[in-house]
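This report walks through one chain, from its overall form to single residues. Look at the sequence and structure first.

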Amino acid sequence: METVWFAVVAVMIAIYVVLDGFDLGAGIVHYFVGRDQDERGLVIGAVGPVWDGNEVWLLAAGGTLYFAFPVLYSAAFSGFYLPLMIVLWLLILRGTGIELRHQVDDSMWRSFWDFVFAGSSILLAIFFGAALGNVIRGVPLNAEGYFFEPLWTTFTVTDEPGILDWYTVISGLVAFVALTVHGAAYLAVKTEGEMQARARKVVGAIWYALILMTVISFFATQYVRPNILDNFYKYPVGWLIPVVVGAALFGIKFFNAKGADWKTFFSSAMYLVGMLVGAVFAVYPNVLPAMNPEYSLTIENASAGTYGLQIGFIWWTIGIVIAVAYFVFLYRTFSGKVKQEAH
């Protein structure tokens, strides 16, 4: 059951990244795809009906983490207290940027909330990527299972690291570039005419940066954690993951050039899923690696009791079926191109 719940949490995080990832990406490219306030209103309209629903997956993943791995939840939320508060405020600002922009018919008002929406989206992408980098790199857990990291120390990977160092900054930049492509691909699906052409152009241009950052992150990870490929050698099926990532990267470029926007978006989603699955596969059975491997939290020492996990899985299955049904209804309702008349 511990492995099942490990996979469940990973899947929920992957769904969140794919869905809310295009919201963040739309914010990142807000000023590039939308050249005036009316066009930027269309960008907001493309994500407005679904952004808050997408964030349900973040809340659900956090709740699932609390239920299945309470020791991990306790350690992570105390150790990452400062960046979690920053992320919370950025989520609030992004939400207010979307919801308040249209409340006052004033150019300065709309410009201010456009800036808030774009800025918070950029910082959230970087912080989420840096968070994944912290998990891969490891954190300074002590024998009691707790740790604390300041925002930064020396920007080097040491036994007393900060949230931000050269490696986690690279991870943040990978997330920033990947979500930029993902958001632009989504806007290409949802818009028409010149805006659609600009969105495709962003995908085509940033794709090269995505290739570069993917390669850099691979070698940086190898340097920081030389044993990161151990599970791939132990379970050879894992080598399918980089194949999927490579195919997704090719698909993004190929389908974008063909103007096949849905296939471009799907390829971008597969890239995000592949990178996340690769990271999860590499650290398993750890749920939070420590700088000192002796203190790492694993699926065994961080999980709830087996009986609770078994009963919880039944209720989780019922809840997830309802959630999926709702999301199918939501996206079917707001399918199609976003129109100026709607704003």
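## Terms and model

A residue is called buried under 20% relative accessible area and exposed over 50%; anything in between is partly exposed. The model is predicted.

Phe-155 shows how the cut-offs work. Its relative accessible area is 35%, so Phe-155 is partly exposed. Phe-155 sits in the loop between helix 8 (107–137) and helix 9. Its backbone also deserves a look: phi is near 65°, a positive value in a residue other than glycine. Most residues other than glycine have a negative phi.

## Overall form

The chain is built with 14 helices and 2 strands. Its radius of gyration is 20 Å, close to the 20 Å that the globule rule gives for 343 residues, so the chain is as compact as a globular protein of that length. Along the principal axes, the C-alpha atoms fill a box of roughly 60 × 40 × 40 Å.

Of the 343 residues, 48% count as buried. The accessible surface comes to about 16300 Å². Carbon and sulfur atoms hold 72% of that surface.

## The nonpolar core

Which residues have the most contacts inside the largest nonpolar core? They are Phe-69, Leu-72, Leu-187 and Tyr-271, in a core of 90 residues. Helix 9 (residues 166–190) gives the largest share of this core, with 13 residues. In soluble globular proteins, nonpolar side chains tend to be buried together.

Leu-187 shows what such a position touches. Beyond its neighbours within four places in sequence, Leu-187 is in contact with Ala-26, Val-29, Val-33, Val-43, Ala-46 and Ala-199.

## Helix 12 and its cover

Helix 12 covers residues 240–258. At 1.5 Å a residue, its 19 residues should span 27 Å; the end C-alpha atoms are 26 Å apart, which agrees. Just after helix 12, Gly-259 takes a positive phi of about 75°.

Which residues of helix 12 are buried? They are Ile-241, Val-245, Ala-248, Leu-249, Gly-251, Ile-252 and Asn-256. An α-helix has 3.6 residues a turn, so residues three or four places apart point the same way. The cover over the buried residues of helix 12 includes helix 9, helix 10 (193–224), helix 11 and helix 13 (261–283).

In sequence, Phe-250 and Tyr-271 are 21 residues apart. In space, their C-alpha atoms are 9.9 Å apart.

Asn-231 lies in helix 11 (residues 230–234). At 10% relative accessibility, Asn-231 counts as buried. A polar atom of its side chain lies 2.8 Å from the backbone oxygen of Phe-281. Leaving out residues up to four places away in sequence, Asn-231 touches Phe-281, Ala-282, Val-283 and Tyr-284.

Tyr-284 also takes part in a cis peptide bond. The bond joins Tyr-284 and Pro-285, with omega about 5°. Most peptide bonds are trans. Pro-285 is in the loop between helix 13 and strand 1 (286–288).

## His-30, a buried polar site

His-30 belongs to helix 2 (residues 30–33). Its relative accessibility is 0%, so His-30 counts as buried. What joins the side chains of His-30 and Asp-114? A polar contact of 3.1 Å does.

## Val-215 in helix 10

Val-215 is found in helix 10. Its relative accessible area of 42% makes Val-215 partly exposed. Met-85 is 130 residues away from Val-215 along the chain, and their C-alpha atoms are separated by 31 Å.

Methods:
Residues are numbered from 1 along each chain as its sequence is written. This is a predicted model: local features need pLDDT of at least 70, side-chain atom pairs count only at pLDDT 80 or more; totals for chains, interfaces and linings use all residues. Side-chain values use heavy atoms; hydrogens and water are left out. A nonpolar core is a set of buried Ala, Val, Leu, Ile, Met, Phe, Trp, Tyr and Cys residues joined through side-chain atoms within 4.5 Å. Buried means under 20% relative accessible area, exposed over 50%, partly exposed in between (1.4 Å probe, protein chains only). Helices (H or I, at least four residues) and strands (E, at least two) are DSSP runs, numbered from the N terminus. Contact means heavy atoms within 4.5 Å. A polar contact is a pair of N or O atoms within 3.5 Å; within protein, one must be able to donate a hydrogen and the other to accept it, and residues adjacent in sequence count only if both atoms are side-chain atoms. The radius of gyration is taken over C-alpha atoms; the globule rule is 2.2 Å times the number of residues to the power 0.38. Accessible areas come from the Shrake-Rupley method with a 1.4 Å probe; for residues, only the protein chains shown count as cover. The expected span of a helix is 1.5 Å times one less than its number of residues.
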